[in-house]
Structures are given as C-alpha cells and as structure tokens.
Amino acid sequence: MPSYSIFFFMAPLLYLILSLMIASISAQGPPSPGYSPSSKINSITFDQGFRNRWGPQHQKVDQDTLTIWLDNSSGSGFKSLQTYRSGYFGAAIKLQSGYTAGVITSLYLSNNEDYPGNHDEIDIEFLGTTPDKPYTLQTNVYVKGSGDGNIIGRELRFHLWFDPTQDYHNYAIVWNPSEIIFLVDDVPIRRYPRKSDATFPLRPMYLYGSIWDASPWATEDGKYKADYQYQPFIGKYTNFKLGGCTANGPASCRPPSASPSSSSGLSGQQYSAMEWVQRNYLVYNYCQDPKRDHTLIPEC
C-alpha cells in the first residue's frame with residue numbers, strides 16, 4: 001500500500017485517538033492548585049452574615065441552606081450585613097438543570113446603593129442556558145460607572161469542567177488592594193491585577209446574591225429568553241464564607257491572600273491550574289474582542 005494511502009487510512013483513527021485523549025484529560029479536571037484559600041475562612045450561616053434585599057417571598061432558609069427562586073412575579077436577592085474594603089467572599093452554589101435561558105444566578109460585590117450610576121462591582125454570574133448546552137460562568141469587573149449607562153464591562157466567560165446542577169460547588173472572590181482572584185473549588189480561574197487606580201475597584205462594597213430575569217442579554221446575547229412554563233427557577237446557596245476587612249474595621253486589618261505565601265499573586269502551582277482552566281474552558285475574553293473599544297480598557 002502506498003505511503004499516502006496509509007496516511008489517509010490512519011488519519012481519522014489518529015484524530016479519534018487524540019480526541020479521546022483530550023476528552024479524558026479534561027474529564028479529570030484541573031491539576032491541583034496545591035492550596036485551599038477557603039480552608040482559612042470559617043463558614044457562617046446565612047443569618048450571621050446576610051439579610052434579604054428584595055423578593056422576600058421568594059427566599060427560604062432551611063437549616064444551613066438558602067433557596068431563592070424566580071417566577072413570573074418576582075426574583076429574589078440578598079445582601080451582606082456589613083460592607084467590606086477587602087476580603088474573601090464565597091458560597092457553595094447549586095444551579096437548576098433543564099431550561100434556564102435568560103435567568104442569572106449570581107454572587108457579587110457592589111456599591112451601587114452608595115454610588116448609583118457611578119459604582120464598582122465584581123461579579124460571578126451563571127448565565128442560564130438551554131438543555132443541550134452547558135452553563136456559562138461569567139466573571140466581570142466594573143469600575144466607577146460613568147453615570148450615563150455606559151458602564152464598561154471586563155468579562156471573562158467560562159464553561160466548567162463539571163455539571164454545576166448535580167451538586168454544590170464552591171465559588172469565591174478574593175479582593176484585596178492589589179488584585180482580584182476568582183476561584184472555583186479553590187482553583188483560580190482568573191486573576192485581575194491592579195494596574196492603575198482608574199481600572200481597579202477600591203471603594204467599599206457589600207456582597208450580594210440574586211436570581212433574576214436578564215433575558216435581553218444573558219443567553220447567547222438574548223437569543224433565548226426566560227420561559228416561565230419552566231418556573232420556578234431555583235438557586236441554592238450554602239457554606240457561606242465572609243472573611244476580610246470591613247469598611248469600619250481597624251486600619252491594621254490585613255487583607256486576605258489567595259496564595260500560600262500570604263502575598264499578592266499566585267503560586268506556580270496555582271498559575272498552572274489557572275492556565276489549564278483558561279486553555280480548556282475559557283470561551284470569551286473581552287481583551288480579545290475586536291468589537292470592543294480598547295481605548296476604554298487600557299488594562300488589556
């Protein structure tokens with residue numbers, strides 16, 4: 001058999017073997033980051049750290065689990081009792097399966113109530129989906145909204161290496177004066193460093209969580225809307241963690257770190273885990289979007 005015939009015979013088989021190897025590697029999950037920032041923060045109950053913000057009739061606390069839901073009458077949200085200038089902010093969250101297009105389940109820091117139209121925000125948002133596609137986890141950073149609705153988003157979006165509807169997983173934000181780290185089960189997925197004061201949130205913020213209808217943009221840029229024949233849409237939260245420096249706390253308060261060295265940045269092992277996630281599961285990076293005005297996002 002001529003060599004080129006062997007090549008054409010073997011190529012599909014080699015492609016199949018390579019695809020199976022890649023799928024197998026991805027199925028194993030990311031390499032260990034070697035450090036668990038969550039282990040340094042004690043868990044609290046919902047009532048110890050939070051209160052209802054809106055939609056109280058769509059919120060229920062049962063033992064250590066908070067359930068919030070959205071139907072065609074309302075969604076629901078909650079808010080931390082204190083405001084923070086740095087900290088570790090996390091919760092274990094379980095999402096609803098099935099058709100959830102248009103629905104956002106979130107955990108985020110914001111000072112919008114103190115600075116409406118000119119606020120800062122650090123987001124973890126789960127963008128609802130259709131049953132044939134995975135959830136998207138959107139991370140985002142806002143800095144001093146302009147007041148005219150032209151708030152500049154800094155979105156990185158990920159798929160996950162597990163099904164977030166099957167069990168609880170821990171999601172967290174570490175925010176200190178030098179960086180923001182987004183974590184999933186203690187694996188760093190994004191680091192946003194402070195490159196200038198103009199592109200980094202520095203004012204105190206509350207921690208919020210919510211479930212709401214964002215049909216105009218949440219799922220494939222609004223292609224699929226919330227469909228209330230599938231209501232209620234439910235989000236479950238437990239294992240709340242709040243650790244850090246409150247706005248009125250002592251100036252000597254030491255902000256938390258995501259790394260084992262208790263300094264800014266990540267360890268080499270943590271960087272390796274983050275790079276694995278971004279190589280395999282990053283699906284959108286605002287810095288690489290040609291439609292964005294890059295004069296407005298100089299940190300890129």
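The legends below accompany several close-up views of a predicted protein model, in which local features need pLDDT of at least 70, side-chain atom pairs count only at pLDDT 80 or more, and totals for chains, interfaces and linings use all residues. Residues are numbered from 1 along each chain as its sequence is written, and side-chain values use heavy atoms, with hydrogens and water left out.

View 1. Helices (H or I, at least four residues) and strands (E, at least two) are DSSP runs numbered from the N terminus. Of the 300 residues in the protein, 50% are buried, where buried means under 20% relative accessible area, exposed over 50%, and partly exposed in between (1.4 Å probe, protein chains only). Among the contacts in the protein with a separation of 6 or more, 69% involve residues 24 or more positions apart, a contact being heavy atoms within 4.5 Å. Carbon and sulfur atoms hold 52% of the accessible surface, which comes to about 14,500 Å² (Shrake-Rupley method with a 1.4 Å probe; for residues, only the protein chains shown count as cover).

**View 2. The disulfide between Cys245 and Cys253.** A search of the whole structure finds 2 disulfides, each defined as a pair of cysteine sulfur atoms within 2.5 Å, and with bonded cysteines counted along the chain they follow the pattern 1-2, 3-4. In the link of Cys245 and Cys253 the S to S distance is 2.0 Å, and the link is left-handed, with -90° about the S-S bond. Cys245 counts as buried at 1% relative accessibility, whereas Cys253, at 22%, counts as partly exposed.

**View 3. The disulfide between Cys287 and Cys300.** Here the S to S distance is 1.9 Å, and because the torsion about the S-S bond is about -75°, the disulfide of Cys287 and Cys300 is left-handed. Cys287 and Cys300 each lie in the segment after β16 (282–285), so the pair ties together parts that are 13 residues apart in sequence. Cys287 is partly exposed, with a relative accessible area of 26%, and Cys300 counts as partly exposed at 42%.

**View 4. The largest cavity, with a volume of about 40 Å³.** The structure holds 2 cavities of 30 Å³ or more; on a 1 Å grid over the protein atoms alone, a cavity is a set of points where a 1.4 Å probe fits but cannot get out, and lining residues have an atom within 4 Å of a point. Grid points are joined across faces, edges and corners, and a volume is the space filled by probe spheres set on the points. The largest cavity is lined by Gln96, Thr100, Val103, Thr105, Gly128, Tyr135, Ile211, Phe233 and Ile234, and the elements that give two or more residues to this lining are β7 (103–110) and β15 (233–246). By class, the lining of the largest cavity has 5 nonpolar, 4 polar and no charged residues, where Ala, Val, Leu, Ile, Met, Phe, Trp, Tyr, Cys and Pro count as nonpolar, Asp, Glu, Lys and Arg as charged, and the others, Gly among them, as polar.

**View 5. The second largest cavity, with about 30 Å³ of space.** Its lining consists of Ser38, Tyr88, Asn170, Tyr171, Ala172, Leu183, Asp185 and Asp186, and the largest share of that lining, 3 residues, comes from strand β11 (residues 169–176). The lining of the second largest cavity divides into 4 nonpolar, 2 polar and 2 charged residues.

Technical notes. 1 Å grid on protein atoms, 1.4 Å probe; cavity = no way out; pocket = protein on both sides within 12 Å on 5 of 7 lines; lining within 4 Å.
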